[in-house]
Protein chains: 4
Amino acid sequence: MIATAHIVDNSADTLIARFHSRRQYSLLLAEPLTAEDMQLQSMPDASPTKWHLAHTTWFFEQFILLPFVEDYQSPQPQFNYLFNSYYEQKGERHPRAQRGMLSRPTIEDVYAYRQQIDSAIEQLLTTNTCDELVSLMELGMNHEMQHQELLLTDILHAFSLNPLYPAAYNAKSGIAESSADNVSASEQFIPFEAGLHEFGAAPQADFYFDCEGPKHKAYVSSFTLAKGLVTNADWLLFIEAGGYQNPVLWLADGWGVAQQQDWQCPLYWRKHGDTWYQFTLNGLVPLTLNAPVSHISYYEADAYAQWKGCRLPTEYEWELAAREQAISGNFSEKQIFTPMPDVGEGVMQLYGDVWEWTRSPYTPYPGYKAPEGAVGEYNGKFMSGQYVLRGGSCVTPIEQMRSTYRTFFYPHQRWQFMGLRLAKDC
Amino acid sequence: MIATAHIVDNSADTLIARFHSRRQYSLLLAEPLTAEDMQLQSMPDASPTKWHLAHTTWFFEQFILLPFVEDYQSPQPQFNYLFNSYYEQKGERHPRAQRGMLSRPTIEDVYAYRQQIDSAIEQLLTTNTCDELVSLMELGMNHEMQHQELLLTDILHAFSLNPLYPAAYNAKSGIAESSADNVSASEQFIPFEAGLHEFGAAPQADFYFDCEGPKHKAYVSSFTLAKGLVTNADWLLFIEAGGYQNPVLWLADGWGVAQQQDWQCPLYWRKHGDTWYQFTLNGLVPLTLNAPVSHISYYEADAYAQWKGCRLPTEYEWELAAREQAISGNFSEKQIFTPMPDVGEGVMQLYGDVWEWTRSPYTPYPGYKAPEGAVGEYNGKFMSGQYVLRGGSCVTPIEQMRSTYRTFFYPHQRWQFMGLRLAKDC
Amino acid sequence: MIATAHIVDNSADTLIARFHSRRQYSLLLAEPLTAEDMQLQSMPDASPTKWHLAHTTWFFEQFILLPFVEDYQSPQPQFNYLFNSYYEQKGERHPRAQRGMLSRPTIEDVYAYRQQIDSAIEQLLTTNTCDELVSLMELGMNHEMQHQELLLTDILHAFSLNPLYPAAYNAKSGIAESSADNVSASEQFIPFEAGLHEFGAAPQADFYFDCEGPKHKAYVSSFTLAKGLVTNADWLLFIEAGGYQNPVLWLADGWGVAQQQDWQCPLYWRKHGDTWYQFTLNGLVPLTLNAPVSHISYYEADAYAQWKGCRLPTEYEWELAAREQAISGNFSEKQIFTPMPDVGEGVMQLYGDVWEWTRSPYTPYPGYKAPEGAVGEYNGKFMSGQYVLRGGSCVTPIEQMRSTYRTFFYPHQRWQFMGLRLAKDC
Amino acid sequence: MIATAHIVDNSADTLIARFHSRRQYSLLLAEPLTAEDMQLQSMPDASPTKWHLAHTTWFFEQFILLPFVEDYQSPQPQFNYLFNSYYEQKGERHPRAQRGMLSRPTIEDVYAYRQQIDSAIEQLLTTNTCDELVSLMELGMNHEMQHQELLLTDILHAFSLNPLYPAAYNAKSGIAESSADNVSASEQFIPFEAGLHEFGAAPQADFYFDCEGPKHKAYVSSFTLAKGLVTNADWLLFIEAGGYQNPVLWLADGWGVAQQQDWQCPLYWRKHGDTWYQFTLNGLVPLTLNAPVSHISYYEADAYAQWKGCRLPTEYEWELAAREQAISGNFSEKQIFTPMPDVGEGVMQLYGDVWEWTRSPYTPYPGYKAPEGAVGEYNGKFMSGQYVLRGGSCVTPIEQMRSTYRTFFYPHQRWQFMGLRLAKDC
């Protein structure tokens, strides 16, 4: 099994209610979009909204209905080919880069498919809540949360290519708050002592992905961590100091990508005349100076840290700081969908707003072993070439967040809500 | 001006009626498609249905309303950027390969835009039918016809990438006829004498594109032309004889493309078990053996002719044969949308069914000069690297057809309804 | 046979002497180059000097020794794989783009191979001068001449990538002359009348390539042809007028290439400060203003002609003018290896200096049929996508030149000595 | 400074002798190669022999002569542009992928340059042996050793593209030994206990690169390490078991590369009929079954380990095992230049034969800071996307080896002598 779940109340009713609510949230996110919007695939890394809605449904069908319902007959046998993402053990798949070509099934067909599968799941749960099934339900719901986040990041990317700058959502009031003034905390450093610690998730946790475990020891040297995230105002100084023109600050690979793609600012910044704007899920808005910078690659984050004479934190350092704190912040449920400024005590905004790039490559923890079967393809096979990010973002469902949660992306990728916090040796 | 029109009855009423009818036909073609279908762009060569519907409208707006309506104010000023195809003199354009990213404007917005422009055109025509305007109206309607054809070829290509094999239309009855048996006429040759002839369109014609003129003399050596088009049955023999594996038959450039793209049969043929099928606008159907082969590149056509010890005809040879005949055949209005078998006397199927590759590169005729202004970008700037095809296809509006009509495509392209007829020196 | 030869004196002695002299000229051209120079392959279109020296030798071995010497045993059986250029019927080949990887055989090995084959050929000729063999000898020598030209154009390209600007040869005196002043004749037009003419080579000619025939009739409308070639001074005006920035002047394909490769001037022009230089086989030298412009693509030539309100001539037009003239001019044997200014009467410099782009795509003449066998792969299979150039250049052996000679290149290619002459309809 | 040197005897005489000997070894390696061989650049990752010989010389000139010789005048000022590898702070550079285009300077010019710089260095050392200069001399000599290795791996790659299979060297006797039989030790595992250890190089070491330090603590869980390297015989079993066809064994990125490049065996294996051969620096030889497998990517190594239910060791695990052992083995000085079988006690062949892929991404150690100045570009800027390999190979100079030495390559690269050893959790 790829994840461990340890749920106190796993009565059928509770589970059905949670399942229903989680599934509804996907529909809520899709609600303002047109059929044409939901068809868009703007790059191979991104998927159409319609595909997300279908694929998460397929996941429940394949990993729960198929093994647990006797003589299960799919209402849509062709969908296994269309909506398998990457599970080699589940057979051939529609090519990833061609997901945007599927005008059929229509969005109505996909909504119908969701209802069929949801009904079947709910019916199944009234008769069977064995541990394995409950664990797979948790996995399915966590998987749905991941796609709820991707749905938002992918539609933002697709809309960013439309010269009309369409606004997918309308959360202007949330953004209006953001003009509140605060002092930059991105260079106030808080010290942590060296020590041998345990990291990763333990079996008694409610739920975690396989790559978060096993719990293991690691030694961490003393370090300091910035109180605040690097802000848009900070980033403007980097631009003005010629940060995008100075190869000495950059990793060699990063400099290559930056030149080839002509990076001059974060992915969604636009300059009209002398004024900077940012394209958001709420449309094109003036840049919020004291909000965390977002949509930067690892290479840019690392170059910024070099420029400041600092470095990015490791994932262990982040986890040490974060596990002291309660999980709250600007997550998806606030429906602001844009990083916001913050003020407060201690290390701030560890959770929510933007995923924080760490300098830790995404590798297996000591003792890690991918689970058997198709479900074991979930995480392990991506453990090369990517970096860990921590803490979730303004489009992450809060229920998904844990201090041990590891997400991972390639260092050139920018379309997620990615930001950074500085660290130093001491 | 890029075209000359010489219309007998150009009363306002007649013109408005023709305009209305032509514009309606685009809507008729789009009618069975969903909003998602109309969003699809399957390759840079193809465009979304929605884009075709908007671009043809933009054409009337830019080339007629803008110059002829005083103080013209566009109802959609942003559409000039979005729906300009390639007119450098009309300003910056949305990148061609990104047309499929425009989920906004929605199809409803585009239909509204069509109505706005159509009303304005009709109103204009009630007050002004000067020669120049009438000529531009002819150009606009001919341009619309070209996009009515492209709309069909492009949706066919997009649907061909969908593993569900959706049928855009439903003309099965037309196809059922096709099993009628006939003797292959693709190797029965009809002789033509050598002589000095005039070619190209003359000013007294109703309408022609600039590239069809001026009328000019050319000497044609004696030749023979096949009575029938090469059929699917003929092509199967080429496949079975190893035609796709024998480089000696192929042009060097063609062999390169065929290897790189792994060509083994025409673009839309599919083999399931031992049976050949063809994907059509009416879905996946068994291959009609005595129908003309379609969706082959120039390189394949040329290799086939080599294999037969023949050659492709020149465009002059085709024109000599075709101008003796009345224009009729399997055109768009029949709504079969698939090439059909035929029997008859003389050189058959010169018009309709499939465009016929000629061995003539698309070059300017002696004395050709592109017109001044943006409208002059229509044809001349494409006069390199492409070959002329003649005769129209089962998705070409018949009104557009003339014995002088030249269409042109790159020799590697296959997504149009392209076939071939053999010729020989004698 | 791919060519027809009609030689008056084909005694063995004469033929051996001509063969020896032709083969020696290749060695003379290679003489100033180091082993390292002769290894260079700067792009797939170009080949190393060493490869040219070996391939021309292979040609004599394959097409003469192998069929005419009984039980022929190659001294270097592996060379058939290494030095076959593109003859599918001669078996598998070393990939073209990898020719620069052949450090072995060494240049000494190749020289030895040349001697072995030359001896065998000379010995064969003392015993056999049948017509077919004599024709193939002519073909082999003409093939060697083509590679003598390519050897020079290819080493020029390779050296152009070396920031040290090495001079392959030393013909400065020839270049010093070039400062002689003359009035530009590139816009003085000489008229020609319309008429039905015969074109192409006839069997009684000494030698011609298959693609030059058969002799055939064609009608040519009246036209005018410029007295002089377009010069470097003329081209500077095109640059200064923004010719490289104005898409309206360009063919659509040409504009695409020009943007992608950032063309701002002819291939070998370099600007240091305010001064223009040209990289030549004699090193980097100041631009000779009244010399013909060279190393421009078809797309640039066509854009220039558009800018002038003119057009490029057809190959028939060029041939009509050229067949009135004796063949002389700045050819390879002068060892200047750079286009030179000229003054004189009538249409000047039709022969030598630079190949002249024509607007004629390279297509088969009426009645053309590629010969049987491997030798038939010489020309026919390249008859798509290329344009005809006429007249030879300063690196073409004069013996190779005829008024019917057609060379051909892709419209984006620039590394040959390519220039242009204007024409107009009248 | 990028490295720390702590030399007991740094008298001028000793240093000059060591310098002379190190520089001579480069010439010895180049001795059997022709001028043409030394010109070859077979891919952007590799460099010509001539370039290696010049670049190592440039390194001494730039980092020692320029700062330490008053009013230093370079004998070859243009060489700074030509032979700078990647030091942004040393100015513009010749593009890496174009190194093979430099036929000039000739190899004779480069040898002369080497002599000029060597003389100047030796003269300088007679007057100045300050600590900084001595440290830079160590760095220069270690840098030369790295290029002595690359020279061999690069010429092997270049020769592998030549269908004549040339042998660069002649060490057949060494290879003959290799048929000695031994029992595979690649699956005999030796246990190591968990513990907190210190890793990395300490200042008192003779010499180390910046990336080997600083010395730091890390906790290592208990593990086992295979006694022997995976052999060619082992790898044949992987091939026969369909390892290259089973995506479930592979990292997702690795599977993508393997499919795209059609990997079916290690880089230099060739199958003729039923027999496997390996292309080596001694030419094409039958595969030595009990020798370590070599020239495999990280992706292949990882897939093999998956297939065995094992994993690759971390670099800490390797270092723990290796620092117990004396440094000896099959290194460059033996001039076998091919991995060899071995028998013995304990963990074998940790040093020499093949570099061992570890599962550790190449990242900075805790507390690492790149040195100031151009010399600081040596290691830090490559710390993304690559993996650490340990232990040196049959083409590594033994003097360069240390238990802390980290080399690094991208996971798709195969042209170094790369092999693997299995590890397991326990």
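Predicted model: local features only at pLDDT ≥ 70, side-chain atom pairs only at ≥ 80, totals over all residues.
1. A residue counts as buried under 20% relative accessible area, as exposed over 50%, and as partly exposed in between. Asp425(D), with a relative accessible area of 35%, is therefore partly exposed.

2. Chains A and B are related by symmetry. Chain B is superposed on chain A by a rotation of 180° with 0.0 Å of shift along the axis, and the RMSD is 0.0 Å. This is the relation of a two-fold axis. Within chain B, the C-alpha nearest that axis belongs to Glu36(B), at 2.6 Å. Both copies use the same surface, since 100% of the contact residues of chain B recur in chain A.

3. The interface between these two chains brings 29 residues of chain B into contact with 29 residues of chain A. The size of an interface is often expressed as the accessible area lost when the parts come together. Here chain B and chain A bury about 2400 Å² between them, and 61% of this lies on carbon and sulfur atoms. On the side of chain B, Glu36(B), Met101(B) and Arg104(B) supply 31% of the area buried against chain A, more than any other three residues.

4. Asp37(B) forms a salt bridge with Arg104(A), with the closest N and O atoms 2.5 Å apart. The residues of chain B that touch chain A divide into 14 nonpolar, 11 polar and 4 charged.

5. Two other chain pairs make no contact. Chain A and chain C do not touch, and their nearest C-alpha atoms are 13 Å apart. Chain B and chain D are likewise not joined by any contact, with the closest C-alpha atoms 13 Å apart.

6. Over all chains, the structure holds 76 salt bridges. One of them, in chain C, pairs Arg18(C) with Glu138(C), the closest N and O atoms being 2.7 Å apart. Arg18(C) sits in helix α1 (residues 12-30) and Glu138(C) in helix α5 (residues 131-160), so the pair links parts of the chain 120 residues apart. Are the two partners buried or exposed? Arg18(C) is partly exposed, with a relative accessible area of 25%, whereas Glu138(C) is buried at 3%.

7. Chain C has a further salt bridge between the side chains of Arg414(C) and Glu300(C), at 2.7 Å from N to O. Arg414(C) lies in the loop between β12 (407-409) and β13 (418-419), and Glu300(C) in helix α9 (residues 298-307), so the bridge ties together parts 114 residues apart in sequence. Both Arg414(C) and Glu300(C) are buried.

8. In chain D, the side chains of Asp425(D) and Arg311(D) meet in a salt bridge of 3.0 Å, N to O. Asp425(D) is in strand β14 (residues 423-425), and Arg311(D) is in the loop between α9 (298-307) and α10 (315-322), 114 residues apart. Asp425(D) is the partly exposed residue of the opening point; Arg311(D), at 9% relative accessible area, is buried.

9. Chain A contains a network of salt bridges. Glu315(A), Glu319(A), Arg323(A), Arg390(A) and Arg406(A) are linked in it.

Technical notes:
Residues numbered from 1 in each chain as written. Chains lettered and ligands numbered in written order. Heavy atoms only, no water. Least-squares fit on C-alpha atoms with pLDDT ≥ 70 in both. Contact = heavy atoms within 4.5 Å. Salt bridge = Lys/Arg side-chain N within 4 Å of Asp/Glu carboxyl O. Helix = DSSP H or I, 4+ residues; strand = E, 2+ residues; numbered from the N terminus. Buried < 20%, exposed > 50% of the residue type's maximum accessible area, 1.4 Å probe, protein only. Buried area = accessible area lost by both parts, 1.4 Å probe. Nonpolar A, V, L, I, M, F, W, Y, C, P; charged D, E, K, R; others polar.
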